[in-house]
Amino acid sequence: MRYLLAILLALFMAAPALAGFSDPGARQGGFKGPGAQPPASTVSQARGMRDDARVTLTGNIVSQLPSDHDKYIFRDATGEITVEIDQEDFRGQNVTPANTVRIIGEVDKEFGRAPEIDVKYLEVLN
């Protein structure tokens, strides 16, 4: 009984901290000042960002890579970039190349490979 109460108390205390993770699209705080980089808003900008930099991109997912079921080609007016979208990040939404989507994620740079975007949140705009 003590263990059950301890677990319930821990879950109760963690609930407010976990509440902030319920909507990755929610406005996020952070440092705003000298040296801070704003989130990239185009593919061209994202390519020049540091590893793990936050990005918010609007465009189209134009194809899926045949070699990896979680990787897609994302295109906006400035170019194309590979994005990694886990199945659960689609949240039941169907997406076609005709749909405009907003993705929020992080730049993923690995030595010797082109930059990619690790998508944390996807929203279909039309």
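Visitor: Which helix does L8 lie in?
Guide: This is a predicted model. One of its helices spans residues 2-19, and L8 lies there. The helix is α1.

Visitor: Is L8 buried, partly exposed or exposed?
Guide: The relative accessibility of L8 is 47%. Buried means under 20%, and exposed means over 50%. The value for L8 falls in between, so L8 counts as partly exposed.

Visitor: What is the accessible area of the nonpolar patch that I7, L8 and L11 form?
Guide: These residues form their patch on the surface. Together, their accessible area is about 300 Å².

Visitor: How many aromatic pairs does a search of the whole structure find, and which residues form a pair?
Guide: The search finds 1 aromatic pair.

Visitor: How many residues apart are Y72 and F90?
Guide: Y72 is in strand β2, residues 71-76. F90 is in the loop between β3 (79-84) and β4 (101-108). The pair links distant parts of the chain, 18 residues apart.

Visitor: Is F90 buried or exposed?
Guide: The relative accessible area of F90 is 8%. Buried means under 20%. F90 is therefore buried.

Visitor: Which strand holds E116, the salt-bridge partner of K71?
Guide: The closest N and O atoms of K71 and E116 are 3.1 Å apart. K71 is in strand β2, and E116 is 45 residues away. E116 is in strand β5.

Visitor: Is E116 buried or exposed?
Guide: Its relative accessible area is 9%. The cut-off is 20%, so E116 is buried.

Visitor: Which residues are linked in a network of salt bridges with E116?
Guide: E116 forms a salt bridge with K71. R113 forms a salt bridge with E116 too, at 3.1 Å. E110 also belongs to the network. The residues linked with E116 are K71, E110 and R113.

Visitor: How far apart are the closest N and O atoms in the salt bridge of E80 with R75?
Guide: E80 counts as partly exposed, at 35% relative accessibility. R75 is partly exposed, with 40%. Their closest N and O atoms are apart by 2.4 Å.

Conventions: Residues are numbered from 1 along each chain as its sequence is written. This is a predicted model: local features need pLDDT of at least 70, side-chain atom pairs count only at pLDDT 80 or more; totals for chains, interfaces and linings use all residues. Side-chain values use heavy atoms; hydrogens and water are left out. Rings of Phe, Tyr and Trp (its six-membered ring) pair if their centres lie within 6.5 Å; planes under 30 degrees apart count as stacked, over 60 as edge-to-face and the rest as tilted. Helices (H or I, at least four residues) and strands (E, at least two) are DSSP runs, numbered from the N terminus. Buried means under 20% relative accessible area, exposed over 50%, partly exposed in between (1.4 Å probe, protein chains only). Patches are made of residues with over 30% relative accessible area and no salt bridge: like charges are joined within 9 Å, nonpolar side chains (Val, Leu, Ile, Met, Phe, Trp, Tyr) within 5 Å. Accessible areas come from the Shrake-Rupley method with a 1.4 Å probe; for residues, only the protein chains shown count as cover. A salt bridge is a side-chain nitrogen of Lys or Arg within 4 Å of a carboxyl oxygen of Asp or Glu.
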